[in-house]
Amino acid sequence: MKRIIYIIPIIAAALLSLNAHAQDYSTAAVSTATGDELYKRIDANLTNTFTGAFPGLVLLHGSGEFGSNNASYLIRGMGSYGLGTWNQARIFVDGFEVNIDYMSSISPAEIEKVEVLKDAAALVLYGERGANGVINITTRRGKAGESKLNARVRYGVQAPTVLNKPLGAYDYANLYNQAVSNDKGMVWSPVYSQEQLDAWKSGKGTDTDWYGEALRKSGSFMDADIILSGGSQAARYNVNLDYLGNKGLLNTMDTDSTRNLGYQRFNVRANLDFSVLKIFEVRMDIGGRIETLHRPNYSVSSLFSNLAKYPSNIYPVFDDAAGTRYSGTAVYPNNPYASVNGLGWFSVKARSLQTNLSVKERLDMITKGLWMEQAVSFYSYTLSTYSKTRNYARWNNGSTTTTDETTTITASGYGSAGMQDWKQGRLTAGYDNSFGDHNLSARLNYGISAYKGDGYFSFKYNTLNLNGLVHYDYAHRYIAEVGFSEYGNDAFAPGHRWHFYPAVSAAWVASNEDFLKNASWLQFLKVRGSAGFSGASESKATNILNDFNSNGRYLYKDYYTYSYIGAFYMGSPAEWQNSLVPMFTPNEDIRPEKSLKLNVGLDAVLFQGLKLTADAFIDQRTDILTLDSSLMGYYGKQYSFSNIGEMNSRGFEFSAEYSGKAEELEYSAGGAICHSTNTIVNMAEVPPANAFSAQTGRPYGTFIGLVAQGFYGVNDFDDDGKLVAGKAIPAFGAVQPGDIKYMDLDGNGVIDQNDITRIGRSWIPEWTFNFGGKLAWKGFDLEIMFQGVAGVSINLLDNWNQTVAFIDNGNAYALAKGAWAYYPVQGIDTRATATYPRLTTQSNQNNYRLSTFWLKDGSFVKLRNLELGYTIKEGMRVFINGQNLFCISPLLSEYNLDPENASGMYPQLKSFNAGISMTF
Amino acid sequence: MKKIIFIFFAICLVSSCSLFLEKPDTTGTVDQNAVFSTSKNAGSALMSCYRNVLKHGWPGGMGIGHCTFGAMSGEIGRGYSWHASYIISQQGLSVNGCDGSDAGADSYANSWAFIRQCWLVNENIDKVEGVSDGDKAIVKAETLGLIAYRYMGMFYRYGGVPIVRKSFSATDDLTAPRASVQEVVDYICELCDAAYAVLPEKWDAANTGRLTKGAVLAIKGRTLLFAARPLFNSETPYLDNGSHNDLICYGNYDKERWKAAIDANEAVLAWAVDAGVELLNTGGAGEGQPNPNAFDDYGKATSVFSNPEIILAYKLGQQEGWEPLVNYLCCSAHQSVSRFDTDANGVLTNHLEKYYAADGSEISWPKIGETVPHVGGEWTTKVLSLEPRAHADIKFGGFDSDNNPGDYYWSNAGWNRGGYAADKGKASSFPDPINDEKGCGERTKFFYHAGSRTWCEPPLFRLAETYMNLAEAYNEYGNTTKALENLNKVHNRAGLPAITETDQVKLRAIIQREDAIEFFCENHRYFDAKHWKLPDIANGICGGPMRMLQFNIKNDDAATWPYASKWIDSWWDSVVYNFYWSDAMFLEPLPQTEVNKGTTVQNPGYTK
């Protein structure tokens, strides 16, 4: 199985890319996909449509819950520490920056194209927005000519990719008896009697399928949009209206007192262009949205945690036959069915508006090719909540078990849940001209950005960016580009606010040379290279300062906080006193993180149909803001930050696509394979007792843990239950037969955290790949796309509830059936075959800690998209489509977990869709 | 034209950016200059030193999220599975910490953070305008006293620790290895002496609670007592630590260390006379006679804020819900927010057996291994025969709390969770436990006549401790007469007839028992037992079998929950769990992360 996963990308690499970016005269490394391509990945969240669309973009999915299902994305893997907003690619729409809230809800119908900017040449203007790459979105604009109306509707059914359900009551109780006996010195002491076991076996006892009760089999997806575009030379328009509705998997109806998980969105966009007096080009863009998310008044993540944790035998859904009293106990108070049906509902509404206005003046009358542009962008976003709530009494065997009482439904008023505004402006002077074979273009921009959000310390971001570039092209053969950004940021101390980021790049279009111009096998060949600096000014290092989580900003002042500690009472009677404590050691030298990016690439078109793109890169990060944890404790636990972190990353991307035509059959096939890895050079790590335990020198996120060596056997203990002499003693509490045995790597006779070492890969995949193809024949079209990752590890203990049996009143899953157990009288002996440590109901620090035992290969390949379409007549196409139809993964086959949602939260979805598109 | 454009940009740059990027909008923050610019702010900084430093070892100030030391030293049950005491009961003290601690049952790092806060105030107070030089000197002395207090706490937890004489800056040489036991004792005495010279004898009413001369004398007194006790005052350490034995042991036994402890504690007594601090004994029975007002005097001494017996208290009054001091100390039904966290902290038989009968005789409690349970009525008789301190300390199973008579929420009926290990029709459970969390009753100490108040001010030094320190030190130094004189101050105050034992070994055991009773729940036992190196430490003191009384309730419909004591049908003692012990636990471990940095040596037995 594993082998298949590794072989597939290699085959794929020999094929093609769905988005090879070839014939142009740019010097940059950019991956591009059109809005129409993204439209085929059917998902309400734009970030999830990026899967497999951009070589070099690593996407990490998690929960499939609407409203919480943004994919995390890394351009070219992990360049700096951690994964979060501080470290993700910046997003720009039509030249102005937006945030993830805005991007995730843009409809593909609004989008002309999305570009992922990867190298120094592509990022030359972005300064401190560039180090982690940029996602650049261009919206659709009207073209002069005939007016066009495009109307589309699509509808789909969505179901979980995987639901990992726990054991039924019979299996649960059998294993529970084992666990309790293990805890009583391996003396058989069953809690559940044979009578009870027989009842469950014959289907009589309480045996509730909580997943089945709280979830329905499928949800739905519906999307309708209209694009109206056209205009004259003087005025052009592209107007867009989109409605999207998504219904979730929770087993409840949308009524006055209950709501299924659901999401609705209305998008409107009007992009208008006016040409005035042959001098002025005016652009006016308005993009607005209203989004509503609703769910039962119980957090979906808590619900899934309960579903995973609540055993089947605790109680039935209702305590009475009439079905009026919800069951519940003090230990399991939140009956999952009642959480969905008995608590009312909650909704959150987001409204956002982005308005851009720009005026461009052609100043050819001054000198040919000169122009200027002034642009502004205003963005505002508000979030409000509304809910109707109630509570229910918890019943068990005819009496209530908690203080909760059944209440009638009560409506809450609207409340604000956050606001943002973002004002941006840009002045540009440009010059584009050609002198024979010499083509020159240059621009100089001055950008200003003021963002305000909610928050205590990190709500205000003011930046300035003076940037420019000169692009020179000789006869479309030799191309050179020089650019810079001089970036000003309010995060730093006076005198440290401005930083300079230059970049240079060049390309050679060999196919335009005389000696290749007429080669029949070669249609295009470009070799390019770039080198340059960019920066990043935000950091998670300050997350440790609970009260001053400033995203790495303002660290130059010696701030004290009032609120951290409270009061001390003096005097008699006591008198209230305020308290102040220092928060961190100020450091005036704090500066942005710096990235040096080197890239070489090649774009080619061979044999009339084979498009190739290859890139290799190095990204050297220095000045990463780091908490200096190497300071001794007696320094006073004073947090001290400095720019001492260093990390190197490197990798390559290769994509290929071959397209051709045989009579009426058009076909194409291709794929992409991308690799990225990194090394932590310095993160001020406290040197571990043994060098082999260090994070430094290894890729970020590498799992460091113990090396498991099977289980302790009966013979490893003496009659007193002590380990026999000569065995290394685990420092995690007393062990008994069936506990996990670890290697004592440093050979000191004690197994402890000093014996941890690299036990797998990182949680960030090293390899991402996709492959697929298209066929078109007599009006029919077929498209298929696979995507996957490899070189990634997953820790099963991150899904604690579905992995660890019984502890803290937990549940048991199929894997617990492989538990080590030895009760010869009862006929239980799994000593030779055990795949899971002996069961216990008590906390166990020895077995349930990160080790090779729990670390699994997280590789997978998924069939992401399969679409069959038929064009009935010009301008009218119908299609059926399947998303995420199947997955090949060791984690799925062995543990019944979706490798993209290994924590068992709201599932990733597969869907079956059908749609129609009409153009008039 | 181009020139004009560039000039335009240049103007923009110069004019706008200096303002636009000027100032971080960090509302609600102050910097160091602001703190030490006004006496109000500087006072606040000093108060946070008090609040942080003195919390050492109390809930919320241990470094661990839940529990009290009593739950780790045979006083009360170990709590719930998420409590540090429970985890430690299973696995011992860990170099990686548990339940939020950075190692063992303490936060090593917090101690240093708070010492640094003290040094910052000490070093910057001179900048404040409008405060007299005399007041500044006192503030400095207070910070020195607070530093000494924290060093004292670290001293008996870890042994030798690094000596820090200022607030470090990032450019300082930070190699400071652990100092020896001797050096740390000297340093604490040095700090106390310096503070003593400046601090006032006593404070006016508005400032009661701040350090006095007596407080620093008491710090010195306790430090020197611990220095004289067998764990440190010994030729060989409890476990060999190679070339670093001086970090955990003096390397010789010197009887004169007891003399030093005597002198230091006598100094406290001498100060107390002048400052009006006294052992509460209002009965007027006279020297050597049982105090007829014992219950009220002991109750007031441990519960009433700023009472005359207090030398220093932790004066943090904060209502339930947020404050761990409330959440883990107050068991009363008045506490409604986090009371469940005290649910599994029933009083252990291990502690109950320490109490005397009110007439000074012994009470015979059920024993493990008995073949039949005891009959119910016996429980009532035995409880009623207990000495007054037991009644102030514990709400016994089926009884109302004597601490707050007439208050429904302190009564058995209003206690609202049973409060002892009782269940109906459980005769067949004998000799196994019915319940392993509730024991014979729950704590009520610190809540004498508290009513609905859920917080308390735990005493850090009461004059009773000074007498007990003297009793112990005199006995070890060979002066039995003085030992008995001091012991009986406390023993008589508790309403008990005077002790007359003159055999040093037997008297030692009596003194240790008196400490265990008098300072129940006051964070003494956990350290005392270790520093006395009690031979049975792993057999029911800090480690080993922990026992709780079990109560079978009559199977009678009239017996309704919460069961009054009259419904007890039979009762017995059961081992409810075994507390983990290894000899390494005589001292706390240092955090592994700190040891890994290379300069600091771990205590023996944890890891090498």
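Reader: In which strand of chain A does Asp615(A) lie?

Author: Asp615(A) lies in strand β28 of chain A, residues 610-627. A strand here is a DSSP run (E, at least two residues) and a helix is one of H or I with at least four residues, numbered from the N terminus. This is a predicted model, in which local features need pLDDT of at least 70, side-chain atom pairs count only at pLDDT 80 or more, and totals for chains, interfaces and linings use all residues. Residues are numbered from 1 along each chain as its sequence is written, while chains are lettered from A and ligands numbered from 1 in the order in which they are written.

Reader: Is Asp615(A) buried or exposed?

Author: Asp615(A) is buried, with 24 other C-beta atoms within 10 Å. A residue counts as buried if 20 or more other C-beta atoms, placed from the backbone, lie within 10 Å of its own, as exposed if 12 or fewer do, and as partly exposed in between.

Reader: And which residues does Asp615(A) touch?

Author: Leaving out residues up to four places away in sequence, Asp615(A) touches Ala29(A), Asn599(A), Gly601(A), Phe652(A) and Glu653(A). Contact means that the two C-beta atoms, placed from the backbone, lie within 7 Å.

Reader: Let us turn to sheets. What is the order of the five strands in the open sheet of chain A?

Author: The order is β1-β6-β7-β4-β5, and the pairing is mixed. Two strands pair if DSSP finds at least two bridges between them. β1 (30-34) and β5 (96-98) of chain A stand at the edges with a single partner strand each, so one side of each has no neighbour in the sheet.

Reader: Why is β7(A) described as largely enclosed?

Author: Strand β7 of chain A (residues 134-139) is largely enclosed by the rest of the structure because five of its six residues are buried.

Reader: How do β6(A) and β4(A) pair with β7(A)?

Author: Strand β6 of chain A (residues 111-117) pairs with β7(A) in the antiparallel sense over six bridges, and Val116(A) stands opposite Ile135(A) there. β4(A) and β7(A) run parallel and are joined by four bridges, with Phe92(A) opposite Asn136(A).

Reader: What about β4(A) and β5(A)?

Author: Strand β4 of chain A (residues 90-93) and β5(A) run antiparallel and are joined by three bridges. Val98(A) in β5(A) is the bridge partner of Ile91(A).

Reader: Now chain B. At what angle do α5(B) and α6(B) pack?

Author: Helix α5 (residues 108-124) and helix α6 (residues 133-158) of chain B pack at about 165°, and their axes are 9 Å apart. That angle makes α5(B) roughly antiparallel to α6(B). Axes are lines fitted to C-alpha atoms, for helices over the stretch in contact, and angles run from 0 to 180 degrees between N-to-C directions. Angles under 35 degrees count as roughly parallel, over 145 as roughly antiparallel, 65 to 115 as roughly perpendicular and the rest as oblique.

Reader: Which residues of α5(B) meet α6(B)?

Author: Among them are Phe114(B), Ile115(B) and Cys118(B) in α5(B), and the residues of α6(B) that they meet include Leu146(B) and Ile147(B).

Reader: And how are α8(B) and α15(B) arranged?

Author: Helix α8 (residues 213-228) and helix α15 (residues 463-477) of chain B pack at about 30°, with axes 11 Å apart. α8(B) and α15(B) are therefore roughly parallel to each other.
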